[in-house]
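Please keep the sequence and the coordinates at hand while reading.

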Amino acid sequence: MAKQSFTLNVNGKDHRVRVEPDEPLLWVLRDNLRLTGSKFGCGVGICGACSVLIDGVARRSCCIQVANVSQGQKIITIEGLGTLENLLPLQKAFVDYTAFCCGFCTPGMIITATALLARNPSPSREEIIQAMDHNLCRCGSYINIIEAIESFVKDQRGEKSE
Amino acid sequence: MSVSRRQFLKAMGGAGLLYAVRFAPGSEPQDKTYDVFPMDIDDDECVAAILDIDYSEWIVLGPDGKVSIFTGRTELGQGLKTVLAAVVTQGLEIPQGKLTIVQGDTELCPDDGPTTGSSATKYVGWGYWIACEKIRADLISRASRSLGIPVSELHYRNGGVGRKGTRNVLKGAFELGSGQVVKLSVDPRASSSNDKTYVDLGIPNVNAKKIVTGKLKYVGDLYIPGVLYAGWLSQPYHPKQTVLKSTDLSAARAIPGVKMVEVIGGRVAVVAERYNDVLKSLDAVNAEWSVPQRSEILQLEEESRSRAELFEVKEQEGNVDAGLAVSDLVVSETYTTQYTTQAPMETDTAIARMEDGGKRATVWASSQHPHRAREIVSKFLGIPESSIQVIGMPLGGGFGGKTSNPVTMEAAGLARFVEAPVKLIYSRKDQFQLRGRFKAACVIDLTTGVSANGKMMARKIDIIHDMGFGTTNTYTIPHTLTNVYHADWPFKRAVSRGTSFVQTCFAVESHVDMVAAALGIDPLEFRRNNVRFQAFVSLLDVCAEMIGYYNSQQGPNSGVGMAIVNHGGSQLGAVAAEVKVNPSTGKVTVKKICGAFDIGTVINRNTATVGIRGAITWGIGYALYEEIILNGHRTETEDLMAYHIPRFSDIPPVEIAFLDNYQPGSPRGCGEMPVIPTIGAIANAVYRAIGVRFYSTPITPEKVKKALQGA
Ligand code: FES
Ligand code: FES
């Protein structure tokens, strides 16, 4: 398959890449744009480690061919959320609640939770579990992840956590 | 090579005062050998290597109060770096910003053995705490000599030595011995004489901000100029049972971007520009494999028995036959367990680059033991270890599966072949098939004799296992005998979180409940009457209280079960599980887990808690879901759909208690032990819920449905 040019809007900027049209978005983000926060965990859409936001919806970048990203769609990766110096409140909650061990699943978890909170700012525990259930964490940090999301929700509502 | 030790120390601003720390030999517990048993290369050789590991760690006190520590152990997510940072900043009273921790680089760090989750905290963290104590004492005596002030009038504070009662530092640590090397022998079993309470700071993981912003670099996230991707063709049968008969590689070679398609060591390898090219090329390979002869794997129990050879006699006390003869009641049962695998989220990955016309190599690895990786790369390439640098990156999970690291050697071999740096990433299927290293399935026969008043008199255990095993010394029994048999299976074997105590503990703790049932005694009462250590009574009572053992009004098909473990003599735990069984679907839902643990000093409550919860998650997976399903010689479970690792919806509320009357002493780690009793607790809860005993794990809906329909 011959290489073609594509323009991808990632983290607020347009990027021009030349790749084969059937390249998974994950590898374009990683290899061409060096945005390595999105991880390869399975390559077949099961684990969620590669999750990115496309127009605000959490999608598995390992299963999206670059040719199927439409012009104008806005892609946000973990690098497009807070920075080291300036974490977003949800990222801060993940830190405060030690919502990881090895951290390999974490970018995908944060992306998926971000999408959930955008469509449902005040999810119940059941709703969190349902929305996150296809993101896998082998270290088993699940409870801490739920606690982090719940504390974020409480803070947003202006309630004091604890 | 990137940066040599000398260059690094120079960059630190001079050699400084170097303390080489040697952890006392023999301070590793028995179970350690099982923890780290690397299976791939040559078992005997690995065990020998483990036994003469030199537990050296380095602490360098540099100018301007800077401290660097060098450890060969890597970051697995167990929070080692966090623990070390907490211990050393407190132990030497220096701010976080002055501390540099260098991990897992064979060029910079000493070989201090394989990294296993609990041992890292157990030995390394506490070893450093004791080492800091010795360093302070050494600096005080150095200052005393150089200042002519008696030791009794000096104290250590804030990175230097000063006169007691003053706040000034008279001599900084660096000035007291720059350029010198001091050897310290440290026994990580020792208790601390520091009057400061130990280090439960609840400090956040030092990598935390990098993790949540996607900035922490794992090995796959590195880009070496000119690097190519590589992959192996997966095999239809288990690697040890099949050979490649013929291949047609022409279509695979015609894929754009492909640099190499070859049969190497009986397997088909592809190297290409992009990862996607590798996948496409592998898809286009035409290969024919030999079909294995015997379909032995289907009859696990029968096959195990027919192959079993006595390997070791353990736990021999009294006379077990005589004990059974005088018992009022004797119960005999057989339990079996399944094959499982580690399945870390980061598949095995390595980058290799040949340098200097093939005379040197640098390998970036996701490894629990970078020095071991260097050894196998050296053997494979036939160049000396001194010409190879392995840089251990943080791991996206290891769980015992990344100790011997064949992926590093394969990447190096491919890099040499194509004369370019190579990034080899195992696919998820490779992780199940090509790699195919499974935690052993077991057959366990148990016979226990008890007196009419509920005291254990005698117990005989026969374990058929295909590798090392652990027993759990939990009960007082006058007459015991444990025979360990080996049955050689055609798989490569491996350990995983929880070690081989997992299988034994499931069987023993299920059996204990069945003996109690035969006696008509409540299983909790029965345990309280027979446990070996008083601490177990407290742990059981705390668990019973948390789960509401006595007062719970469980509905139909619901039940509570308990189990205990003694992990290597230093970690005790009790777990209670509440389950509900759906009789029409057969699904077992865990409603709640409560765990009480005596794990000594808790260095960091945050990492300890997330570690224990994670371990309980593993216990749930092992008890209910995880199983490598073998169909003839094929592994049917080759993705994370078929191999069900626990997910959010599988995890109940978990309550954890630490035994609060612990003695101050060395911390003992906790990322593995809670896996073990969780399994027996769930099995016992299922028995209480529906009155059916499951003699094999995992307790799947199919097994439950079948049992209920048969009943
Ligand atoms: S890597 Fe995309 S879902 Fe697993
Ligand atoms: S934190 Fe390791 S996989 Fe989730």
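## The sheet of chain A

In this predicted model, Leu53(A) has Ala58(A) as its bridge partner in S4(A). That contact belongs to the antiparallel pairing of strand S3 (residues 51-54) of chain A with S4(A), which runs over four bridges.

The two strands are part of an open sheet of five strands in chain A, arranged in the order S2-S1-S5-S3-S4 with mixed pairing. At the edges stand strand S2 (13-19) and strand S4 (57-60) of chain A, and because each has a single partner strand, one side of each is left without a neighbour in the sheet. From one strand to the next, the twist in this sheet averages 45°.

## The seven-stranded sheet of chain B

Chain B holds an open sheet of seven strands, also with mixed pairing, whose order is S11-S12-S9-S19-S16-S17-S18. Its edge strands are strand S11 (258-264) and strand S18 (388-392) of chain B, each of which pairs on one side only. The twist from one strand to the next averages 20° here.

Within this order, strand S16 (residues 349-355) of chain B and strand S19 (residues 422-425) of chain B are paired in the antiparallel sense over four bridges. Ala350(B) finds its bridge partner in S19(B) at Leu424(B).

## A strand enclosed by the structure

S25(B) pairs with strand S26 (residues 571-581) of chain B in the antiparallel sense, over ten bridges.

## Helix H14 and the residue after it

Helix H14 (residues 501-519) of chain B contains 19 residues and spans 26 Å from its first C-alpha to its last, which is close to the 27 Å expected at 1.5 Å a residue. The helix is mostly covered, with 16 of its 19 residues buried. Just after H14(B) comes Gly520(B), which takes a positive phi of about 75°.

## The largest pocket

The largest pocket contains about 790 Å³ of space. Its lining is made up of 36 residues, and those nearest its centre are Val44(A), Leu279(B), Asp283(B), Ser427(B) and Lys429(B). Strand S9 (228-232), helix H8 (275-283), strand S13 (286-289) and H13 of chain B are the elements that give two or more residues to this lining.

Which element gives the largest share of the lining of the largest pocket? That share, seven residues, comes from H8(B). By residue class, the lining of the largest pocket divides into 19 nonpolar, eight polar and nine charged residues.

## Loops and backbone geometry

Gln433(B) is found in the loop between helix H13 (428-432) and strand S20 (437-439) of chain B. With a relative accessible area of 1%, Gln433(B) is buried. Gln433(B) and Lys591(B) are separated by 158 residues in sequence and by 34 Å in space, taken from C-alpha to C-alpha.

Most residues other than glycine have a negative phi, and most peptide bonds are trans. Thr98(A), in the loop between helix H2 (89-96) and helix H3 (106-119) of chain A, has a positive phi near 40°, and at 2% relative accessibility Thr98(A) counts as buried. Asn158(B), in the loop between strand S5 (154-157) and strand S6 (160-163) of chain B, likewise has a positive phi, near 45°, but Asn158(B) is partly exposed, with a relative accessible area of 45%. Finally, a cis peptide bond with omega of about -5° joins Thr697(B) and Pro698(B), where Pro698(B) has its place in the loop between helix H18 (675-690) and helix H19 (701-710) of chain B.

Conventions: Residues are numbered from 1 along each chain as its sequence is written. Chains are lettered from A and ligands numbered from 1 in the order in which they are written. This is a predicted model: local features need pLDDT of at least 70, side-chain atom pairs count only at pLDDT 80 or more; totals for chains, interfaces and linings use all residues. Side-chain values use heavy atoms; hydrogens and water are left out. Buried means under 20% relative accessible area, exposed over 50%, partly exposed in between (1.4 Å probe, protein chains only). On a 1 Å grid over the protein atoms alone, a cavity is a set of points where a 1.4 Å probe fits but cannot get out, and a pocket is an open set with protein on both sides within 12 Å along at least five of seven lines; lining residues have an atom within 4 Å of a point. Grid points are joined across faces, edges and corners, and a volume is the space filled by probe spheres set on the points. Ala, Val, Leu, Ile, Met, Phe, Trp, Tyr, Cys and Pro count as nonpolar, Asp, Glu, Lys and Arg as charged, and the others, Gly among them, as polar. Two strands pair if DSSP finds at least two bridges between them. Axes are lines fitted to C-alpha atoms, for helices over the stretch in contact, and angles run from 0 to 180 degrees between N-to-C directions. The expected span of a helix is 1.5 Å times one less than its number of residues.
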